Amino acid sequence: MKIFLDTADLNEIRRANEAGLIDGITTNPSLLAKVAGDRSPRDIFLDICREVDGPVSAEVVAIDAEGMVSEGRKLADIHENIVVKVPLTENGLRACRTLRANEIRVNVTLCFSAVQALLAAKAGASYISPFVGRLDDVGHDGIEIVSEIREVYDEYELETEILAASLRHPKHVLESALVGADCATLPPGVLYKLLRHPLTDAGLESFLADWKALGKGL
Ligand code: E4P
């Protein structure tokens with residue numbers, strides 16, 4: 001399963017990328033707003049694309065199809081790594097078809113059901129982003145939706161990649177992998193939680209203490 005980092009924070013992106021932990025980036029307008037300051041979204045996307053050799057999702061903010069296509073073209077022109085993100089609305093799917101016809105990759109976002117995901121795949125989406133945590137927040141089972149999407153896509157041999165999103169903790173990541181998500185996008189905090197285990201820390205501490213007691217160098 002590919003791991004993407006869900007942030008527009010360049011320091012976090014650099015750290016994870018240099019450690020070889022990530023395959024790409026997802027952003028959304030809220031994540032951009034958090035880090036922008038006086039920088040333009042274009043410059044932020046360009047810096048991210050220069051840093052990471054993988055897909056970088058950049059979201060449109062128009063809500064009509066024509067506006068989404070025009071913004072999508074501008075975003076795609078920034079760098080070849082850009083994947084245009086459109087919302088799962090009727091206009092979003094119209095825009096998805098047009099962008100795909102222009103060979104621009106599209107990530108259809110704000111997906112909350114397997115039937116929505118079916119429509120996105122038929123519209124030519126390269127990625128579908130089911131929002132696991134936000135479904136859990138309203139009393140649904142987010143992972144169940146990811147699993148249903150997997151079943152539908154496999155049944156009809158649809159090539160859209162399932163990008164599990166809105167993941168809040170390592171268990172979401174494990175479950176996404178177990179039900180066959182192609183990618184998972186994680187906030188930095190969740191990514192580093194995947195690395196840690198108290199038994200790893202305790203084991204390392206005792207190995208180092210024993211080595212020190214030995215009192216010899218290598
Ligand atoms: C996905 O692409 C979104 O940016 C993100 O995963 C949303 O997560 P949230 O529900 O934690 O805001």
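Colleague: Before the labels, what are the ground rules?

Modeller: It's a predicted model, so local features need pLDDT of at least 70 and side-chain atom pairs count only at pLDDT 80 or more, while totals for chains, interfaces and linings use all residues. Residues are numbered from 1 along each chain as its sequence is written, and side-chain values use heavy atoms, with hydrogens and water left out.

Colleague: How many helices and strands are in the chain?

Modeller: Eleven helices and eight strands. They're DSSP runs numbered from the N terminus: H or I of at least four residues for helices, E of at least two for strands.

Colleague: Which aromatic pairs does the structure hold?

Modeller: There are two. Phe4 and Tyr127 form one, at 6.2 Å centre to centre with 70° between the planes. This pair links distant parts of the chain, with Phe4 in strand S1 (residues 2–6) and Tyr127 in strand S6 (residues 127–130), 123 residues apart. Both Phe4 and Tyr127 are buried. Phe112 and Phe131 form the other, at 5.7 Å and 65°. Phe112 sits in the loop between S5 and helix H6 (114–122), Phe131 in the loop between S6 and helix H7 (132–137), 19 residues apart.

Colleague: Why is the Phe4 and Tyr127 pair called edge-to-face?

Modeller: Rings of Phe, Tyr and Trp (its six-membered ring) pair if their centres lie within 6.5 Å; planes under 30 degrees apart count as stacked, over 60 as edge-to-face and the rest as tilted. Phe4 and Tyr127, at 6.2 Å and 70°, are therefore an edge-to-face pair. Phe112 and Phe131, at 5.7 Å and 65°, are edge-to-face too.

Colleague: How do you know the span of H4 is close to the expected one?

Modeller: The expected span is 1.5 Å times one less than the number of residues. H4 (residues 65–78) has 14 residues, and reaches 20 Å from its first C-alpha to its last, close to the 20 Å expected.

Colleague: Which residues of H4 are buried, and what covers them?

Modeller: Ala65, Gly67, Met68, Val69, Gly72, Leu75 and Ile78 are buried. The cover includes helix H3 (41–51), strand S3 (56–59), strand S4 (82–87) and helix H5 (90–101).

Colleague: What lines the second largest pocket?

Modeller: Its lining includes Thr27, Asn28, Phe45, Glu71, Lys74 and Leu75. H2, H3 and H4 each give two or more residues, and H4 has the largest share, three residues.

Colleague: How does that lining divide by class?

Modeller: Seven nonpolar, two polar and three charged residues. Ala, Val, Leu, Ile, Met, Phe, Trp, Tyr, Cys and Pro count as nonpolar, Asp, Glu, Lys and Arg as charged, and the others, Gly among them, as polar.

Definitions and conventions:
Buried < 20%, exposed > 50% of the residue type's maximum accessible area, 1.4 Å probe, protein only. Contact = heavy atoms within 4.5 Å. 1 Å grid on protein atoms, 1.4 Å probe; cavity = no way out; pocket = protein on both sides within 12 Å on 5 of 7 lines; lining within 4 Å.
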